[in-house]
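Open the model in your viewer and keep the sequence panel beside it. This tour says what to select at each stop and what is there.

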Amino acid sequence: MKNLTISRETYLFNTPLEIGLRCLVILNSLKDQAVNAQRLIYLDYLLIHYGDIDPSCESLHPLTPYRSGEILIKRDLMNQGLHLMISKKLVDVEFGQNGILYKASPYSGAFLKHFETHYMIQLIEVSKLLSERFNEYPDNKLKEFMMSNIDRWGGEFTKEAFVREGF
């Protein structure tokens, strides 16, 4: 097994570790519910950009132009993050008629209690809000919600060049 070395030069953003931990937070908030990778991609986007769907809340990540594109390019990194969490026995996999589903293992809650950073506490709080808001949405309804809003999220910057040029 390859050893992991963490140094000042180690990148944490947009890595399998970062996304794997966010998936773990999401799955832990869903309790015993198992979900597919696509639902996790949608929920991960909403987790870090919750302000897109609730303007009274601030998103955990900055409002970047075209941020909704994250949904389209995240699958490979998320799969790596899920495999990392599976290898540590923090995520369980179920194979069934609905495909490959992921759910939090019995160890995930105890593992997450060891994190004390403000960011992790916010992730857990927003994940609970997401669970309350979208838990009853079947996969097709969540997809419909995402597709009907995807062009708005980050799209507010499409005319930015005109503003900077004085138009």
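Which residues are exposed on the other side of α7? Select Asn140 and Glu144: these two are the exposed residues there. Exposed means over 50% relative accessible area, buried means under 20%, and partly exposed lies in between (1.4 Å probe, protein chains only).

Before the next stop, some ground rules. The model is predicted: local features need pLDDT of at least 70 and side-chain atom pairs count only at pLDDT 80 or more, while totals for chains, interfaces and linings use all residues. Residues are numbered from 1 along each chain as its sequence is written, and side-chain values use heavy atoms, with hydrogens and water left out.

**Whole chain**

Show the cartoon. The chain has eight helices and two strands. Helices (H or I, at least four residues) and strands (E, at least two) are DSSP runs, numbered from the N terminus. Along the sequence the pattern reads α-α-α-α-β-β-α-α-α-α. Of the 167 residues, 41% count as buried. Take the contacts with a separation of 6 or more: 68% of them join residues 24 or more positions apart. Contact here means heavy atoms within 4.5 Å.

**Helix α7**

Go back to α7 (139–149). Now colour Leu142, Phe145, Met146 and Asn149, which are buried. They cover an arc of only 95° around the axis, so they sit on the same side of α7. The arc is that of the directions from the helix axis to the C-beta atoms. What covers these buried residues includes α2, α3 (70–73) and α6.

**Helix α6**

Select residues 118–134, helix α6. Its 17 residues should span 24 Å at 1.5 Å a residue, and the end C-alpha atoms are 24 Å apart, which agrees. The expected span is 1.5 Å times one less than the number of residues. Colour the buried set: Met120, Leu123, Val126, Ser127, Leu130, Ser131 and Phe134. Look down the axis: the buried residues of α6 fall within an arc of 150°, so they line one face of the helix. An α-helix has 3.6 residues a turn, so residues three or four places apart point the same way. On the face turned away from the buried side, find the exposed His118 and Glu132. The cover over the buried residues of α6 includes α1 (16–29), α2 (37–48), α5 (108–112) and α7.

**Helix α2**

Next, select α2. How many of its 12 residues are buried? The count is 11, so α2 is largely enclosed by the rest of the structure. Among them are Arg39, Tyr42 and Asp44. The buried residues of α2 pack against α1, α3, α4, β2, α6 and α7. From first C-alpha to last, α2 reaches 17 Å, close to the 16 Å expected.

**Asn36**

Step back to Asn36, in the loop between α1 and α2. Asn36 caps the N-terminal end of α2, with a side-chain oxygen 3.2 Å from the backbone nitrogen of Gln38. Its side chain also reaches the backbone nitrogen of Arg39 at 2.7 Å. A further polar contact joins the side chains of Asn36 and Asp139 (3.1 Å). A polar contact is a pair of N or O atoms within 3.5 Å; within protein, one must be able to donate a hydrogen and the other to accept it, and residues adjacent in sequence count only if both atoms are side-chain atoms.

**The core**

Show side chains for Leu27, Leu40, Leu46, Ile53, Leu82, Phe134 and Met146. These have the most contacts inside the largest nonpolar core, which has 39 residues. Such a core is a set of buried Ala, Val, Leu, Ile, Met, Phe, Trp, Tyr and Cys residues joined through side-chain atoms within 4.5 Å. α2 gives the most to this core, with eight residues.

**The strands**

Select β1 (residues 91–96) and β2. They run antiparallel, joined by six bridges; strands pair if DSSP finds at least two bridges between them. Val91 stands opposite Ala104. The hairpin from β1 to β2 passes through two residues.

**Two positive phi values**

Finish at Lys31, in the loop between α1 and α2. Its phi is positive, about 60°, although Lys31 is not a glycine. Lys89, in the loop between α4 and β1, has a phi near 65°. Lys31 is exposed at 61% relative accessibility, and Lys89 is exposed at 57%.
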